[in-house]
Amino acid sequence: MNMVHTIDRYAVIGHPISHSLSPVIHTAFAAQTGQHLSYEAIDVAPGQLETTLNQLPVAGYRGINITVPHKESAWAFAQQQGQLTERALLAGAINTIAWRSEGLLGDNTDGQGLLNDLQQRHGLNLAGQRILLLGAGGASRGVILPLLAAKPASLVIANRTADKAQRLAALFTRSAGATPLAGCGLDALGKQDHDAFDLVINATSASLGGEAIALPSGALSAHGFAYDMMYGKKLTPFLEAQQQSGIIRLADGLGMLVEQAAVAFELWRGVTPETGPVYHALRERLARH
Ligand code: ATR
């Protein structure tokens, strides 16, 4: 009797991968929803991505999450060898693959994860809000379409390198419809005469290097909300700088991490896990380590 594929297998792939919280999150979701599956972290060197993506479904994997540095290359693979969801197509990067009987499906759940965190956990209503998105790399690009879908009053993408922000804004012009969408340099923020933003989202990797991004005073409304996609034991440098300038509504990206995982889990298993308990357990775990 063939006993090889008795359990549906899932994994997160990245390089490095040992610090990933995804196995903890998905194992908790599986226990909570009574789903029988395994989930592990697999270190995949950049040159090994294509071989790995061909091997995993043969070895019984039904789905994977994808993290740095493979999100863009996996997108290209999925575009050639399978299908992409609409939100993944424009994101230019995927964080989730599902292998189904019809073949490979690539998805990007980061943007929906961000929206769920902002709207459900932090109680924001993005409709009619003026949103500032910092950064013009993959993290930023992945959340633009879902942010636009939330019908903000406007969306400004600001980046250290201005032309990358302008190019990104141009790419999404058609999706923006009537919503004003613009790209500019970080340095231009202080020079523009516009109403203060209601929400600023840091999608740069500056916090990774311990650096804060200074916003001109008054760029974010005093009642505004500052969000950093990064997270850690303490406030990120960006959130700390916002707090010092008097902003009291702050959140880091731990909730987004849990929410993007929940959207992926739902895609794979057809059941929606409850994210609250997992989020609180991770917060406590971060505080201890
Ligand atoms: P990711 O996929 O995480 O978005 P990326 O594509 O390398 O990573 O993009 C990193 C983003 O963070 C870019 O927008 C980068 O700005 P540049 O385009 O000018 O390089 C931004 N970034 C990184 N470090 C930064 C810093 N110290 N200050 C401001 N922006 C920074």
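Student: What order do the strands take in the open sheet that holds E9 and E12?

Tutor: In this predicted model, six strands line up as E9-E8-E7-E10-E11-E12, and their pairing is parallel.

Student: What makes E9 and E12 the edge strands?

Tutor: Strand E9 (181-185) and strand E12 (249-251) each pair on one side only. Neighbouring strands in this sheet are turned by 20° against each other on average, direction ignored.

Student: How do you know that E7 and E8 are paired?

Tutor: Two strands count as paired if there are at least two bridges between them. Strand E7 (residues 130-134) and strand E8 (residues 154-159) are joined by five bridges, and they run parallel. As an example, Leu 134 has Ala 158 in E8 as its bridge partner.

Student: Which helix packs on this sheet?

Tutor: Helix H9 (residues 237-244) does, touching E7, strand E10 (197-202), strand E11 (220-228) and E12. The direction of H9 makes about 165° with that of E11.

Student: What makes E1 the partner of E2?

Tutor: Strand E1 (residues 8-14) and E2 share seven bridges in the parallel sense. The rule asks for at least two, so E1 and E2 pair. Within this pairing, Asp 8 stands opposite Leu 37 in E2.

Student: Which domains does the protein have?

Tutor: The domain assignment gives domain 1 (8-108 + 260-288) and domain 2 (111-252). Their C-alpha centres lie 25 Å apart, and the contact takes 17 residues from domain 1 and 16 residues from domain 2. Together they bury about 1300 Å², 55% of it on carbon and sulfur atoms.

Student: Why is the meeting of Arg 283 and Asp 252 called a salt bridge?

Tutor: The name needs a side-chain nitrogen of Lys or Arg within 4 Å of a carboxyl oxygen of Asp or Glu. The side chains of Arg 283 and Asp 252 meet at 2.7 Å, N to O.

Student: Which element gives the most to the side of domain 1 that touches domain 2?

Tutor: H11, with six residues.

Terms used: Residues are numbered from 1 along each chain as its sequence is written. This is a predicted model: local features need pLDDT of at least 70, side-chain atom pairs count only at pLDDT 80 or more; totals for chains, interfaces and linings use all residues. Side-chain values use heavy atoms; hydrogens and water are left out. Helices (H or I, at least four residues) and strands (E, at least two) are DSSP runs, numbered from the N terminus. Axes are lines fitted to C-alpha atoms, for helices over the stretch in contact, and angles run from 0 to 180 degrees between N-to-C directions. Contact means heavy atoms within 4.5 Å. Domain bounds come from an automatic or database domain assignment. Buried area is the accessible area (1.4 Å probe) that two parts lose on being put together, summed over both.
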